[in-house]
Amino acid sequence: MSMYLYPSFSSFLSATLFLSLFLHLSLSQVEVYSVKVACKVASRFAHTVITSSALNKANSSQEVFFEVDLPKTAFITNFSMSIEGQTYTGEVKEKEKAKKQYQKAVSTGQTAGLVKASGRKMEKFSVSVNIAANSNVTFILTYEELLQRKLGQYEIMTQVKPKQLVQHFEIVADIYEPQGIAFLEAYGTFISNELLPLVEKTVTDKKAHISFCPTMDQQRKCPGCDGTLIDGDFFIKYDVNRAETLGDIQIVNGYFVHFFAPPDLPRVPKNVVFVIDRSGSMSGNKIHQTREAMLTILNDLHEDDYFGIVTFDHHISTWKDSLTKATTGNVSEAKGFVKGIYQSGYTDINGALMKAVDIMMKDKQAKKFTERSVSMIILLTDGMPNSGVSSTPQIQENVRDAMGGNMSLFCLGFGNDVDYSFLDVMSRQNQGLARRIYEGSDATVQLQGFYEEVASPLLSEVDLHYPDNLVNSLTTSHYKQLFNGSEIVVAGRLTDNSLDNFLVEVFAKGVRNRQTGTTQHATLILSSERQIFISLCTSLCTHYDVQYNTHWCLTVTLRDSVRFVVILHKVWKQHPYHQDYLGFYTLDSHLLSPSVHGLLGQFYHGVQFEVRDMRPGEEPEKPDATMLVKGQELTVTRGWQRDFSWDVKNGENVPCWFIHSNGNGLIDGNHTDYIMSGLFKTV
C-alpha cells in the first residue's frame, strides 16, 4: 500500500504496530506532547487509531520521517496529517501499483510512503515530509485487523518506546464480544510496582475496558530526571466463551462471519516426521538451539502419537526406517539420536522430503496408524537447496505429487538467508503453513511455540457447508485440520439482506468423547438463536458384538428441520440369535423439545458415569467392570460396536461398554416401556 501526502513539516516520529497496536517514537528537536493509541475490538475485529501531536522547536524547516511497522495481516484504512489547521489525507494503493507510483512520486519531489517487509511478521510503512519551524503537526493512523486465535487466546500487543516524557500518554482498548468474555489479562513487561495500579481493567459479561494513562511524573525513571520508564511491551490477552456451542455466526448488513472453534474436543493422534537440516550453514547456535527445541518437543509427544526423524545435508539419514510409537523408551532413544546431530555438507531439501514422505506412505499403506489420526511432516531448514534437485519449482512439484493430499507439510525457515517464499508456497500447496524463525537467544522458544500450535490436532478434513441459494462470495471453507487453541473463520455475503438465520453444516473427522459415553457426530446446525450445537448420535448396546453389513441408508426430515438417518443393519445369516435391525441416528437433537425423552432422547445431553474395578470376564478379550451411573452400580462388559457416524456404508469398530439385562439401571424405567406396536405409534 502507498500514501500520497502534500504537506511540509519538520519533526521525527516513528511508530510500530503489532496485532492491534505497537508504538515507538524517536525524536530530534521535537516535543511530542500527546500520544493516544485507541483500539476498539468487536467480534475479534480490531480497529486501531493512533493519534500523536508534536511541536517542531527548531528555527528552520527540516525533512523528517514517519515510519510505521504493522502486521502483515493488518491493512491501513487511513493516514492523515494536520498541520496548522490544514489536513492532508493519504491515498491507499494496491501493493504493486503502489510501488510504481511511489518511485514516480519520489523522483518528482512529491511526498509518498511505501510498505515494505520489516522484522518478525511485520511490514514497514514510511513517509518523509517537511514542516515549518515552530509548527504543530498531528498524525492520525488508522488500521484494521482480524485477530487470530492462537494457543487458546487472542493477543493485542503494544510496544511502547517514546524515549522521552510525554505530557499526555494514553493506551485505551474497548472490547465487545457477543459470546461473552471468558478471561482477560493486561500487563506490561516494563510495568513496575509503582506503575501497576495505573493499568485499569473493567470486565463485564460481554465488554471490557482497559486503559494505561501515566502522568509525566509517573513516567520518570527518577524524580527530576528526563528518562522514561515507558520502554517495553504492553499486552492484552483474552478469549471468548464457548461452552455448549460449536461456533458463533454474526450477520450484519447482508454479510456473515462464522467463528468455528468447538470446545472440549479430544485431541486426535498424530503421525509426524521431523525433517532437520544439518548442513554446514546450521553451525553454531542454530544447530544447538534446534537440538534443544527438539528435546523439548519429543517430551511433548503423546503415547498414541507416531513419530520419525530424518536429518539431511547432501546425505539423508533416518533415526529408524519407519515411524515409531511415542512410548517412554522410544522417546528416550530418539533424544539420544537428536543429541548426536551435528552440521556438515550441503542442502538436499528435495531428497530429505522425499524420504520422509516415503516413510509415511509405507506406514499408511501398512495400516499402522488409526483412521482418525492426522499425518504431518515438519521441515526445519536455514538455507537454499544446493544439492540434489536445486530448482525450487521442481521441488515444490515433486513434494506436492508425492504427498498427494495424504499429509500436511509445515516449514520452518531459520534465519535471514532462507528462501522463505519457497517454503511458504510449498507449505500452502500441502495444506500446511510456514513460519520464519529469527536468529536470536529466543530461537529455541520460537521453535517450541510453533510446534505447540500444531501439536494438538482436534479435527481433520473440516468442511463448512452453507446453502448455495443463500450465500455467495464465500471465503475458504475447507481446512485440512483444526488445532487446539486455534479458530476457523469463514465469511460470506448473503443473497437476502433480510435473512437473520440459516442452515450451516460442518463435516469433519475426529475422535469420540469418552467422558459422557456418547458419540459426537460432526454435523452442526445453526438455530434461530444463531447458536451451533453438536448433534449426538447415541446407540444403546444391550447385547454382545454383532457382525453385520449396511445395505442402505435413508435420511428422514420432519417439517424441514429435524433429521434422522435410518440404517438397515444386516446380521450374519448364521448368527444363532441376532436378526436384521434398523438403526436410528438423530442428527438434529437440539431442534427437539427439551421434554423429548424416549430410548434415545434421554441421552441427548450425555450421561455422567464412572467405570472402575476392571476384572477378567468370561472371554479374555472382553473384561468386566463396574459402572457407576444414575446412582446405580452396574456390571458392564468391554467390547466393540460398529459406529456409522462417519462411514454409513462400512462403519468403524469402536470400543464401548455393554450393559447387561436389557439396559436396566441405565435407561429410565424398563426396556418394555419403549416397545411400540408400530414404527410411528405413540403410547
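Which residues of helix H7 are buried? Let me answer that, then walk through the rest.

One caution before the answer. This is a predicted model, where local features need pLDDT of at least 70, side-chain atom pairs count only at pLDDT 80 or more, and totals for chains, interfaces and linings use all residues. Residues are numbered from 1 along each chain as its sequence is written, and side-chain values use heavy atoms, with hydrogens and water left out.

Now the answer. H7 spans residues 420-429, and its buried residues are Phe422, Leu423, Asp424, Met426 and Ser427. Buried means under 20% relative accessible area; exposed means over 50%, and partly exposed is in between (1.4 Å probe, protein chains only). Helices are DSSP runs of H or I with at least four residues, strands are runs of E with at least two, and both are numbered from the N terminus.

What do those buried residues pack against? Two helices are on the list: H5 (349-365) and H6 (392-403). So are strands S24 (374-381), S25 (408-414) and S26 (434-437). After H7 comes Gln431, with a positive phi near 55°.

Let's zoom out. The protein chain has nine helices and 40 strands. It has 683 residues, and 51% of them are buried. Next, contacts, meaning heavy atoms within 4.5 Å. Take those between residues at least 6 apart in sequence: 68% join residues at least 24 apart. The chain exposes about 32100 Å², and carbon and sulfur atoms supply 49% of that. Accessible areas come from the Shrake-Rupley method with a 1.4 Å probe; for residues, only the protein chains shown count as cover.

On to the inside. A nonpolar core is a set of buried Ala, Val, Leu, Ile, Met, Phe, Trp, Tyr and Cys residues joined through side-chain atoms within 4.5 Å. The largest one here has 45 residues. Those with the most contacts inside it are Ile175, Ile210, Phe212, Phe234 and Ile236. Strand S4 (residues 30-42) gives the most to this core, with six residues. Another core lies apart from it, with 35 residues, including Ala293, Phe307, Val374 and Val454.

Look at Phe212 for a moment. Leaving out residues up to four places away in sequence, its contacts include Phe169, Ile171, Phe190, Leu195 and Phe234. Glu170 is also one of them.

Next, charges. Side chains of opposite charge can pair when their charged atoms come close. We call it a salt bridge when a side-chain nitrogen of Lys or Arg is within 4 Å of a carboxyl oxygen of Asp or Glu. How many salt bridges does the structure hold? The count is 24.

Here is one to find on screen. Asp239 pairs with Arg149, with the closest N and O atoms 2.8 Å apart. This pair links distant parts of the chain, 90 residues apart. Asp239 is in strand S17 (residues 232-240), while Arg149 is in the loop between strands S11 (136-146) and S12 (154-161). Are the two buried or exposed? Asp239 is buried, at 7% relative accessibility. Arg149 is buried too, at 13%. Both belong to a network of salt bridges that also links Arg44, Glu177, Arg242 and Glu487.

Another pair is Glu333 and Lys320, at 3.1 Å from N to O. Glu333 lies in helix H4 (residues 328-339) and Lys320 in the loop between strands S22 (316-318) and S23 (324-325), so the pair ties together parts 13 residues apart in sequence. Glu333 is partly exposed, at 40%. Lys320 is partly exposed as well, at 29%.

Asp217 is exposed, at 58%.

Now sulfur. A disulfide is a covalent bond between the sulfur atoms of two cysteines. The cut-off here is a pair of cysteine sulfur atoms within 2.5 Å. A search of the whole structure finds one disulfide. Cys222 and Cys225 form it, with their sulfur atoms 2.3 Å apart. Cys222 is partly exposed, at 36%, whereas Cys225 is buried, at 18%. Elsewhere, Cys39 is buried at 1%, and Cys411 is buried at 0%.
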